Every structure is written in C-alpha cells, then in structure tokens.
Amino acid sequence: MSIRLNLAPGERIIVAGRPHARQLLWPLALAVMVCAAAGFGCGYLDRDALPGQLADWRGYLQTAVVVIAAVLLARFCVPPVLRWAFSRYIVTNQRLIHRQGVLRRRERELALASVFQLEAWQTVPDRMQRSGTLVVDVGYGQAVHYEHVPEVHRFKAIVLAAIGQLPMTAMFDGVDIDGDGEYDYEGRGDE
C-alpha cells in the first residue's frame, strides 16, 4: 500500500510506519476462538447420532452457526484489523502526520516548528515490546497523544533530529535576522 501525500516543495518523508501490532492481539485471539467454536458446532451438528429434532434442522442450524460466527468476526475482529492496517505515522522534514480511518479518513498534522516538547510514555508491556505513547506538547496547555508508536524512543529521536534540521528563523530564536540593526536589545534607546 503506497502513501499518497501532498508534499510542499522541498519537503520529504523521513519515516512512515504503522502503529504497533500489539493492539491486534485480542481481535486475533477472539477470531481464533470464534472459528474454533464454529468448527466445533458444525462438526457436532454433522454427527450421525443427533436426536430426531436436531437431525431435521441440521442444515439450518449449521447455517446459523456459520452466520453467527461471520457476524461476530465482522463486528469484533475485522474493524480493529482494518483500523490498524489503515493507520500511519509519517514524519517529514516539516510535519508530523497521523492518518487513520478506512471509510472515514482522519488526518492530524502538526508542523514541527510548533512542537515545544516531546515525551515518551511506556508501560511495562510497552517497554517489553519497545512501543509506547508519544506526547507532543504544542503549547497553550495542549498536548497531542500518538498511541502504540513502535520503537517510541527511536521515533522521538527521529522527530527531534527533524526539528533540529529546521532553519533558524524569528520563530525559533526570537531575533529578526533581517532587521535593520537599529533595535536596542536591552530596552534603551540610542543616547
């Protein structure tokens, strides 16, 4: 699957990846249990020694078992897998982008110039799998959370390196580089 991204002139993708696959553990475990239960149910209903009433309804009951299994898979297993498959974290030399969604696409972009602070949060299971949550402080008491980031410390280092490569302008150092030179930085006028 390719990433279609409208890049500004001079912008390039540094890294693009999916969230950690750990979030697929429970949907896949549920899918295995549902398929096993449906297989057992169909096998049980296919026996020759079924009581008379069940033997008469065998075809309908097997169909019902398969339909129930398909509904459970479609409701509880397929959506998390699709959410994971269509979610991306993208770092360019100017932006941090999080895309997600299958039918209803949502995209969150942050200019790297607007990042005040980065934090990496990890629980014990996160540390065991080198994933975690990247918290991006954008100022004014607002923080953006990127969850299930694989190798969160490495991802954070990549974002910090991209921020370090940004050109120094008035936005970063507070000094107007193209100024006329007449400004007194100590607050005194020319005497």
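User: What pattern does the chain follow, read along the sequence?
Analyst: Read along the sequence, the chain follows the pattern β-α-α-α-β-β-β-β-α-β-β-α-α. Helices (H or I, at least four residues) and strands (E, at least two) are DSSP runs, numbered from the N terminus. The chain has 6 helices and 7 strands.

User: What kind of model is this, and how are residues numbered?
Analyst: This is a predicted model, in which local features need pLDDT of at least 70 and side-chain atom pairs count only at pLDDT 80 or more, while totals for chains, interfaces and linings use all residues. Residues are numbered from 1 along each chain as its sequence is written, and side-chain values use heavy atoms, with hydrogens and water left out.

User: How much of the chain is buried?
Analyst: Buried residues make up 27% of the 191 residues. Buried means under 20% relative accessible area, exposed over 50%, and partly exposed in between (1.4 Å probe, protein chains only).

User: Which strands form the open sheet, and in what order?
Analyst: The open sheet has 4 strands in the order β1-β2-β3-β4, with antiparallel pairing. Its edge strands are β1 (13-17) and β4 (106-111), each of which pairs on one side only. Two strands pair if DSSP finds at least two bridges between them.

User: How far are neighbouring strands turned against each other?
Analyst: On average, neighbouring strands of this sheet are turned by 10 degrees against each other, direction ignored. Axes are lines fitted to C-alpha atoms, for helices over the stretch in contact, and angles run from 0 to 180 degrees between N-to-C directions.

User: How many bridges join β1 to β2?
Analyst: There are 4 bridges between β1 and strand β2 (residues 88-92), and the two run antiparallel. Isoleucine 13 stands opposite threonine 92 in β2.

User: Which helix lies across those strands?
Analyst: Helix α5 (residues 152-164) lies across β1, β2 and β3 (95-100), and runs at about 30 degrees to β2.

User: Changing topic: what does β6 pair with?
Analyst: Strand β5 (residues 117-121) pairs with β6 in the antiparallel sense over 5 bridges, with alanine 120 opposite leucine 134 in β6. Strand β7 (residues 142-150) is joined to β6 by 7 bridges, and these two also run antiparallel. Glycine 139 has glutamine 142 in β7 as its bridge partner.

User: What lies between β6 and β7 in their hairpin?
Analyst: The hairpin has 2 residues between the strands, and tyrosine 140 takes a positive phi near 55 degrees there.

User: Why is β6 described as largely enclosed?
Analyst: Of the 9 residues of β6, 8 are buried, so the strand is largely enclosed by the rest of the structure.

User: Is threonine 133 buried or exposed?
Analyst: Threonine 133 counts as buried because its relative accessibility is 15%. This residue is found in β6 (residues 131-139). Leaving aside neighbours within four places in sequence, threonine 133 is in contact (heavy atoms within 4.5 Å) with Glu119, Ala120, Trp121, His145, Tyr146, Glu147 and Val152.

User: What lines the largest pocket?
Analyst: The largest pocket is lined by 17 residues, of which Gln23, Ser87, His98, Gln100 and His148 lie nearest its centre. On a 1 Å grid over the protein atoms alone, a pocket is an open set of points where a 1.4 Å probe fits, with protein on both sides within 12 Å along at least five of seven lines, and lining residues have an atom within 4 Å of a point.

User: Which strand gives the most to that lining?
Analyst: Strand β7 gives the most to the lining of the largest pocket, with 4 residues.
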